[in-house]
Amino acid sequence: MKKKTLIIGAGGVGNVVAFKCAMNVETFGDITLASRTVSKCDAIAKNIKEKVGVTLATMSVDADSVTKLVEVITQVNPDIVINVALPYQDLTIMDACTKCGVDYLDTANYEHPDTAKFEYKEQWARDAQFKEANIMGLLGSGFDPGVTNVFCAYAQKHYFDEIHTIDILDCNAGDHGYPFATNFNPEINLREVSAKGRYWENGSWIETEPMAIKQVWDYPEVGAKDSYLLYHEEMESLVKHIKGLKRIRFFMTFGESYLTHMKCLENVGMLGIKEVEHKGMKIVPMEFLATLLPDPASLGPRTKGKTNIGIFAKGMKDGVEKTVYIYQVSDHEKCYQEVMSQGVSYTTGVPAMIGAKLMLEGKWQGKGVFNMEEFDPDPFMDELMVQGLPWKVMELGADESRRVD
């Protein structure tokens, strides 16, 4: 029987997911794209019809309302809901899926709109709810989280008996030509990078000041880049599932211009997430800033350069210490040529489609709520190779590193 797919969210990532699902229409069947602003869905559907020749249905949805979501899901009657809306909306969409008995997938974990903190706790707490509804929820099927989790599972399966340390390395060497812009939702991006850093070592979480730890890593096909320690959500699940782990950290590259702009905005209060009064009106500074910044979806045609995201793992195999670096390089301009989005949206949207594809094909199955590394990594890694995200493995000596500082 022909499948039905509902995609919620029509930003840069939603555009990529819609394109890639249409390119795999034999799996996804009848595709509906829904968002609060239906005109965004219509524009994406028009481009897909012209470039891919597949017709998408579009509709409006209020993803903040479980009742409204249930109405839309009931109307569409999908086999899966792909959530690429805002992280604030994860819980309402999950609850609507359990009410309707429909499988669920997202790319980023829940974040409360009033608290700059993201964690899996409230989504994991819905495991029993999903089991009772006899459905599956796949959390964090983007790149990081997502592909990085699968890279870790793949390294554990094929290269190590035990992994002792993991450094997740996220490099975006793209240039969009603006003095300051964010590559995905400005509010989410700025909350993430202005928060305190955290890493896990010897069973405990260690907190750092924002951007306090800098290392210089040499990224293949990109070169040496300043990389800063951040907290990132995939670490929260990986510490539960990777055998023998002693330390895990996450690093992301930033240029001096970005950091200078961000510090200035922080100093004048523009990164605030609490309401302030302005000329008799209540506004949230960061929301106002997001309005002023370029729309990330508009960056595609002007972004040049590459991304390189991967994991650098050290551990033991057959009693011998070893090091493995698994990474993926994408070219912003090639991404735009294929799906009319830049590389950051592309590297998030393609894995969302792959996760959903494996669920619909029955290759990844389960009842309850799962993280990516809990499944066999091989079918996902195979799909990456043919869906636009080819990866490479670099085997190094036990003491070798890609750090150059």
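**Entry 1: helices H9 and H11**

I began with a helix pair, and I noted that Asn189, Leu190, Val193 and Ser194 in H9 meet Tyr258, Met262 and Glu266 in H11, where contact means heavy atoms within 4.5 Å. By class, I recorded four nonpolar, two polar and one charged residues in the contact of H9 with H11; Ala, Val, Leu, Ile, Met, Phe, Trp, Tyr, Cys and Pro count as nonpolar, Asp, Glu, Lys and Arg as charged, and the others, Gly among them, as polar. The model is predicted, so that local features need pLDDT of at least 70 and side-chain atom pairs count only at pLDDT 80 or more, whereas totals for chains, interfaces and linings use all residues. Residues are numbered from 1 along each chain as its sequence is written, and side-chain values use heavy atoms, with hydrogens and water left out.

I looked up the geometry next: helix H9 (residues 186–194) and helix H11 (residues 256–267) pack at an angle of about 90 degrees, and their axes are 12 Å apart. Axes here are lines fitted to C-alpha atoms, for helices over the stretch in contact, and angles run from 0 to 180 degrees between N-to-C directions. H9 and H11 are therefore roughly perpendicular to each other, on a scale where angles under 35 degrees count as roughly parallel, over 145 as roughly antiparallel, 65 to 115 as roughly perpendicular and the rest as oblique. Helices (H or I, at least four residues) and strands (E, at least two) are DSSP runs, numbered from the N terminus.

**Entry 2: helices H8 and H15**

I then turned to helix H8 (residues 147–158) and helix H15 (residues 377–387), whose axes come within 9 Å and cross at roughly 120 degrees. H8 and H15 are therefore oblique to each other. On the H8 side I listed Val147, Val150, Phe151, Ala153, Tyr154, Lys157 and His158, which meet Pro377, Asp378, Phe380, Met381 and Leu384 in H15. By class, the contact of H8 with H15 has nine nonpolar, one polar and two charged residues.

Is strand E12 buried or exposed? I found seven of the seven residues of E12 (residues 247–253) buried, so the strand is largely enclosed by the rest of the structure; buried means under 20% relative accessible area, exposed over 50%, and partly exposed in between (1.4 Å probe, protein chains only). Arg247, Arg249, Phe251 and Thr253 point one way from E12, while Ile248, Phe250 and Met252 point the other way, and all are buried. In a regular strand the side chains alternate between the two faces of the sheet.

I checked the pairing of E12, taking two strands as paired if DSSP finds at least two bridges between them. Strand E7 (residues 162–172) runs parallel to E12 and is joined to E12 by six bridges, with Leu169 opposite Phe251. Strand E11 (residues 223–230) pairs with E12 in the antiparallel sense over four bridges, and there Leu229 has Phe251 as its bridge partner. Strand E8 (residues 197–201) is also antiparallel to E12, over two bridges, and Trp200 stands opposite Ile248.

From E8 I followed the chain to strand E9 (residues 204–208), which pairs with E8 in the antiparallel sense over five bridges, Glu201 having Ser204 as its bridge partner. E8 and E9 form a hairpin with two residues between them, and Asn202 in the turn has a positive phi of about 50 degrees.

**Entry 3: two residues in the partner strands**

In strand E7 I looked up Thr165, which is buried, with a relative accessible area of 18%. Not counting residues up to four places away in sequence, Thr165 touches Leu245, Arg247, Phe312, Ala313 and Lys314.

In strand E11 I looked up Ala224, which at 48% relative accessibility counts as partly exposed. Leaving aside neighbours within four places in sequence, Ala224 is in contact with Val216, Trp217, Asp218 and Val404.

**Entry 4: the seven-stranded sheet**

Finally I traced an open sheet of seven strands in the order E3-E2-E1-E4-E5-E6-E17, in which the pairing is parallel. Strand E3 (57–60) and strand E17 (368–371) stand at the edges, each with a single partner strand, so one side of each is left without a neighbour in the sheet. The twist averages 20 degrees from one strand to the next.

Within this sheet, strand E5 (residues 103–106) and strand E6 (residues 136–139) run parallel and are joined by two bridges, with Leu138 in E6 as the bridge partner of Leu105. Helix H5 (residues 90–100) lies across strand E1 (4–8), strand E4 (80–83), E5, E6 and E17, and runs at about 165 degrees to E5.
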